Amino acid sequence: EIAQCLVGSEMCIRDRYGGMPWLGGILNDQQIAEVVNYIRTHFGNHYTDAITARDVATQRPPHTPEEE
């Protein structure tokens with residue numbers, strides 16, 4: 001989940017593209033953790049372990065998609 005928030009994902013849904021937008025260059029590690037934790041506890045998800053800003057920092061890629 002963290003990687004999808006950081007760099008985004010794209011999927012085809014009935015001839016349309018959708019998915020998670022790229023947020024890594026917009027939100028800081030704490031904000032990404034809050035988004036991931038919201039997703040993990042809503043929409044029918046029932047995770048009990050929380051993601052921290054440190055967890056996000058360890059998965060943040062060294063380059064943003066725009067830099068590549």
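1. A nonpolar core here is a set of buried Ala, Val, Leu, Ile, Met, Phe, Trp, Tyr and Cys residues joined through side-chain atoms within 4.5 Å. Buried means under 20% relative accessible area, exposed is over 50%, and partly exposed is in between, using a 1.4 Å probe and protein chains only. With that in hand, the largest such core has seven residues: Leu-23, Leu-27, Ile-32, Ala-33, Val-36, Ile-51 and Val-56. Helix α2 gives the largest share of this core, three residues. In soluble globular proteins, nonpolar side chains tend to be buried together.

2. Before going on, a word about the source. This is a predicted model, where local features need pLDDT of at least 70, side-chain atom pairs count only at pLDDT 80 or more, and totals for chains, interfaces and linings use all residues. Residues are numbered from 1 along each chain as its sequence is written, and side-chain values use heavy atoms, with hydrogens and water left out.

3. How confident is the predictor? pLDDT is its confidence in each residue, from 0 to 100. The chain averages 75, and 60% of the residues score at least 70. Confidence is lowest in strand β1 (residues 11-13), with a mean of 50, and highest in helix α3 (residues 53-59), at 91. Helices (H or I, at least four residues) and strands (E, at least two) are DSSP runs, numbered from the N terminus.

4. Have a look at the salt bridges, meaning a side-chain nitrogen of Lys or Arg within 4 Å of a carboxyl oxygen of Asp or Glu. There are two by this rule. One of them joins Arg-60 to Asp-29, with the closest N and O atoms 2.8 Å apart. This pair links distant parts of the chain, since Arg-60 is in the segment after α3 and Asp-29 is in helix α2, 31 residues apart. Arg-60 is partly exposed at 28% relative accessible area, and Asp-29 is partly exposed too, at 21%.

5. Arg-40 is buried, with a relative accessible area of 6%, while Asp-49 counts as partly exposed at 48%.

6. Asn-37 is buried, at 18% relative accessible area. Leaving aside neighbours within four places in sequence, Asn-37 is in contact (heavy atoms within 4.5 Å) with Asp-49, Ala-50 and Ile-51.

7. Most residues other than glycine have a negative phi. Phe-43 is exposed, with a relative accessible area of 65%.

8. Rings of Phe, Tyr and Trp (its six-membered ring) pair if their centres lie within 6.5 Å; planes under 30 degrees apart count as stacked, over 60 as edge-to-face and the rest as tilted. The count comes to one aromatic pair. Tyr-38 and Phe-43 form it edge-to-face, 5.9 Å centre to centre with 80° between the planes.

Note on methods:
pLDDT is the predictor's confidence in each residue, from 0 to 100.
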